[in-house]
Amino acid sequence: RKAAFSSSARHLKDINSVTVIGAGLMGSGIVQVAAQANYKVTMVDTTDAALKNGQAIITKSIKRVAKKKFGEENAAEQQAFIDKALSNITVSTDGPAAVAGSDLVVEAIVENIDVKQALFKALDQAAPADTIFTSNTSSLPITSIAEATSAARRERFGGLHFFNPVPAMKLVEVVRTEVLKDEVYDSLATFAKNTGKTPVECKDTPGFIVNRLLVPYMMEAFRVLDRGDAKAKDIDVAMKLGAGMPMGPLELADFVGLDTMKFIIDGWAKEGKIEEALVTPSKTLNSLVEQGSLGRKSGKGVYDYS
Ligand code: CAA
Ligand code: NAD
């Protein structure tokens with residue numbers, strides 16, 4: 001009983017201001033749900049064009065959210081909700097300056113360990129000692145990314161893994177490394193709940209829970225396609241109508257981004273911590289990425305969206 005009391009009295013880091021690094025598919029969605037929950041959010045990317053892309057994704061999505069929340073007929077309420085959320089967002093190309101005033105950093109940049117480590121090295125020096133760092137990585141060990149930061153920061157460095165499309169998907173995986181402080185874990189779970197999501201706890205293992213199961217399934221669909229055992233459309237229709245999936249595995253890969261899919265699978269193959277058969281590359285996936293067909297975000301992937 002006493003233990004329960006003392007644990008509930010643990011001090012939670014009060015998160016008010018958030019910096020999200022990366023204004024792509026995921027970063028823009030994380031900015032949006034945090035702003036809707038009334039956090040002050042700074043969205044950071046390397047160029048103004050990337051920030052504009054993120055703002056365009058948010059503008060489109062938040063209209064859908066407002067319509068659903070208040071109903072088609074309540075235009076004034078919809079607009080007030082949109083204006084309030086958007087007023088919580090600022091944009092910047094200066095990551096270190098943004099994190100200097102933030103309680104929480106969520107990184108959602110390209111799925112590459114070297115690029116992520118270089119970013120966090122710079123941010124570690126610029127952020128206050130108690131700022132919590134997180135990565136939205138799909139497949140990289142949080143512990144390895146955190147190696148770019150000081151030992152003290154590593155105790156305040158967790159995984160915060162949202163799902164695509166962020167405004168619609170209700171899960172966040174909160175990843176606990178061996179050294180993450182309990183009170184930091186609790187602050188992250190509370191933040192996830194405040195954005196309207198259900199947090200689940202997982203260890204820092206490849207793919208956490210969802211991607212450890214989902215990515216091998218999607219890669220197996222590419223291998224069926226590679227062998228010519230079925231056409232893309234038939235694979236997708238089969239999994240939607242025969243297994244109740246909201247999207248087929250190849251449609252979903254286009255939705256995730258084929259470059260991200262390839263980063264995930266090549267990274268796991270290199271690390272050698274997952275059964276070899278599950279990380280066998282796909283000719284189709286590799287050749288599409290080589291042609292710059294990265295899925296929906298580039299207008300073409302397995303399917304053509306132009
Ligand atoms: N912004 C805001 N709201 C959105 C939205 C967006 N971008 N996309 C969908 N929605 C909302 C809609 O408003 C709608 O709400 P209601 O039904 O309550 O009105 C709801 O979501 C469903 O949308 P639609 O009716 O337009 O379309 P749908 O029924 O086909 O659902 C979907 C769309 C939710 C994307 C659905 O197809 C789906 O669940 N697909 C699978 C997504 C998935 O598996 N994501 C995980 C990818 S893996 C990942 O993210 C991890 C990783 O690390 C790679
Ligand atoms: P994306 O390609 O849509 O966006 C990445 C953004 O990061 C781009 O706007 C790019 O300009 C920016 N960027 C790259 N390097 C940067 C740097 N050094 N500083 C600031 N900005 C930088 O990618 P995404 O799909 O949003 O994925 C982002 C992260 O989220 C990846 O780690 C990915 O694995 C993970 N993730 C992706 C999905 C998905 O379904 N796409 C789901 C969950 C997690």
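1. Confidence first: the average pLDDT over the chain is 95, and 96% of the residues score at least 70. Keep in mind that this is a predicted model. The stretch to treat with care is residues 1-10, where the pLDDT is below 50. Beyond near neighbours in sequence, residues 1-10 have two contacts in the model.

2. Now to the helices, starting with α10 and α12. Helix α10 covers residues 210-227 and helix α12 covers residues 249-256. Their axes come within 9 Å and cross at roughly 115 degrees, so α10 is roughly perpendicular to α12. As for handedness, α10 passes α12 in a left-handed crossing.

3. Which residues in α10 and α12 meet? From α10 you have L214, Y217, M218, A221, F222 and L225; on the α12 side they meet P249, L250, L252, A253 and V256.

4. A253, D254 and V256 in α12 meet L258, T260 and M261 in α13. The residues of this contact split into four nonpolar, one polar and one charged. Note that A253 and V256 turn up here and also in the contact with α10.

5. Back to α10, which also packs with helix α14 (residues 283-290) at an angle of about 95 degrees, their axes 7 Å apart. That makes α10 roughly perpendicular to α14. M219, F222, L225 and D226 are the α10 residues in the contact, and K283, T284 and L285 are those of α14. By type, the contact of α10 with α14 has four nonpolar residues, one polar and two charged.

6. One residue elsewhere, Q78, sits in helix α4 (residues 75-87). Is Q78 buried or exposed? Its relative accessibility is 11%, and the cut-off for buried is under 20%, so Q78 counts as buried. Leaving aside neighbours within four places in sequence, Q78 is in contact with A66, K67, F70, G71 and E72.

7. To place Q78 relative to V210, compare sequence and space: the two are 132 residues apart in sequence, and their C-alpha atoms are 33 Å apart.

Terms used. Residues are numbered from 1 along each chain as its sequence is written. Chains are lettered from A and ligands numbered from 1 in the order in which they are written. This is a predicted model: local features need pLDDT of at least 70, side-chain atom pairs count only at pLDDT 80 or more; totals for chains, interfaces and linings use all residues. Side-chain values use heavy atoms; hydrogens and water are left out. Axes are lines fitted to C-alpha atoms, for helices over the stretch in contact, and angles run from 0 to 180 degrees between N-to-C directions. Helices (H or I, at least four residues) and strands (E, at least two) are DSSP runs, numbered from the N terminus. Angles under 35 degrees count as roughly parallel, over 145 as roughly antiparallel, 65 to 115 as roughly perpendicular and the rest as oblique. A crossing is left-handed if the near helix is turned anticlockwise from the far one by less than a right angle, and right-handed if clockwise. Contact means heavy atoms within 4.5 Å. pLDDT is the predictor's confidence in each residue, from 0 to 100. Buried means under 20% relative accessible area, exposed over 50%, partly exposed in between (1.4 Å probe, protein chains only). Ala, Val, Leu, Ile, Met, Phe, Trp, Tyr, Cys and Pro count as nonpolar, Asp, Glu, Lys and Arg as charged, and the others, Gly among them, as polar.
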